[in-house]
Amino acid sequence: MEEFRHSYRRLCKESGAEPQETVLQQLQELPRGRLDLATQSLTVDTCRALGKLLQKEALLTELILSDCMLSEEGATLLLQGLCTNTVVRFLDLKGNNLQAAGAEALGQLLRQNKSIQSLTLEWNNLGPWEDAFAAFCGALASNGALQQLDLRNNQISHKGAEELALALTRNTHLQQLDLRWNSVGLLGGRALVNCLPRNRTLWRLELAGNNVPGDILRAVEQAMDHNQERQTTSRENRARTHVLSKEVQHLQEEKSRQFLDLMETIDKQRKEMARSSRASAACVGQLQEALNERHSIINALKAKLQMAEAALALSEQKAQGLGELLATAEQEQRSLAQRQAKEHRLEQQEAAERESKLLRDLSAANEKHLLLRNQVDELERKVRAQQEQLFLARQELTNTAAELKIRAVQAEERLELEKKRSRQSLEDVEQLRAKEELSRVKAAALSERGQAEEELIKAKNQVRLEEQQRLAHLEEKLRLLAQARDEAQSACLQQRQTVADAQARASQLSLQVEGLRRRLEELQQELSNKDQEKVAEVTRVRVELREQNGRLQAELTAQEALREKVAALERQLKVMAGDHREALLDRESENASLREKLRLKEAEIARIREEEAQRASFLQNAVLAYVQGSPLRALSPQK
């Protein structure tokens, strides 16, 4: 509502007037959807600004302007602004002394506005101005939105009541009308009573404080009760008709859907019948053509049959001659078969002999091949063994060389003095030993070489051209062996020099072994401790597993019980579903009986309406007779 407040201030400034502080305060404290300016003296400029704002305001539903001392011009401006408003539902103009101009503005409001449902005009002065009030009543007759109208204390005379009665005969939406504390009198009361039979929507009419006789008040009360009962019955009927219309609509939709499905199936059947008729017509045409072709084929076959019978007679004559020839040919064929069988047996014998001879040759060749293959395999195994020995020797030499190089650096510093003292003696001893070792290695190498050459010669004779490549490979290996022998001689010298170092290192290693043995004992002790801890942990875990198993078994039993409960509930659901179906069938039968009762009630309501119309006509005649026979008739003015 802050925007409403700013718009009011802006419009006041545009018109050159100061905004009222009381109005601004009320707009600041404004609840949502309700504008209450009661007991605020509104100026003409404020009314003009509010009228312009109300033309476009879309949030206000209640407007309270009671006791605001509105002038005629201010009220006209406000009501003109409300003419185009489509949101306001409740309008209170109590105690503003509205007169002729206000009545005309209210008439214009009722003609143009289609949203106001409640209008309070208590403590105004609309009644004395007959022409303006007549215009107001004419607008009320054509209004289709107003449901509640409060006209208390407006000095409405019997003529105003007559105008209101004329408006009520045409108005079909007004439900509550309050005319208390006016000057309606006897004539106004009669006019209102006369209009009530033609108005069926008004169910509350207050006439207290208007000098209306009690019988008229009772007649008005009876008419209001009748209208109220009629409205309750009409509301019930509307509710029932709404329900029935929904059911009828549902049935119609269902029937239309079934009808559409039926039409679709009929269309499909028609299409299928047309398609099958077309297919059958085509099949009939094809069958007719095939029948004609068969007739022509049968005629041709008949002609051929006649020709075949003639030819058969000729062939029988020929068959007799051919039978004689066939007998002679069979004898010749038997003799030829016997000769061919003898020749075939001889050929089979010869082939068997040749095959046995070839098999013997093949087995001898295979044996020779196996012997040669075994010899070659033995030679290859020997060569592989020698290669492996050489490879191992080389690997040992390389390993020892690497170790000796590392140790030589350390040993040179330790044995410098010992080398100076025993160098000469060691050189003599090493030369003698080296010569002996060289002689032994040479003898062994010569013997191995002789054996290898003998084996190579045997292999060359047996394997022929294919073993030449292998001999070259073996010669290369011999050369490598010679080189390895030279390297072994040089390595022997270095090995003897490192024997002492190896012995010292062995002592160090023995000390290290002792330390490692003690470390191993400590580790074994730790391992035993850990084993004990592991056993304790395993026992604890076993206990926990047993507890978990017990809990799981309890849960399984609970689940089995739940399954049994679920099965029992499912059985209960089935029983309940059967009961529900039976109840639905009972409800359907009740609905059918209720529809029948509703039809009977509607007939009874129609009968009651006719009786009420007769009673109303009787009451009207009685009132007219009473009015005509009363002494006040002579005092009433002539119309």
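**Exercises on a predicted model**

Three bridges join strand β4 (residues 118-120) to strand β5 (residues 148-150), and the two run parallel. This is a predicted model, in which local features need pLDDT of at least 70, side-chain atom pairs count only at pLDDT 80 or more, and totals for chains, interfaces and linings use all residues. Residues are numbered from 1 along each chain as its sequence is written, and side-chain values use heavy atoms, with hydrogens and water left out.

**Exercise 1.** Find the bridge partner of S118 in β5, then place the strands in their sheet.

*Solution.* Step 1: strands are DSSP runs of E with at least two residues, helices runs of H or I with at least four, numbered from the N terminus. Two strands pair if DSSP finds at least two bridges between them. Step 2: S118 has Q148 as its bridge partner. Step 3: the open sheet has seven strands in the order β1-β2-β3-β4-β5-β6-β7, with parallel pairing. Step 4: β1 (34-36) and β7 (204-206) each have a single partner strand, so one side of each is left without a neighbour in the sheet.

**Exercise 2.** Which residue meets R152 in a salt bridge, and where do the two lie?

*Solution.* Step 1: a salt bridge needs a side-chain nitrogen of Lys or Arg within 4 Å of a carboxyl oxygen of Asp or Glu. Step 2: the structure holds 21 salt bridges. Step 3: the side chain of D178 meets that of R152 at 3.5 Å, N to O. Step 4: D178 is in strand β6 (residues 176-178) and R152 in the loop between β5 and α7 (158-170), 26 residues apart.
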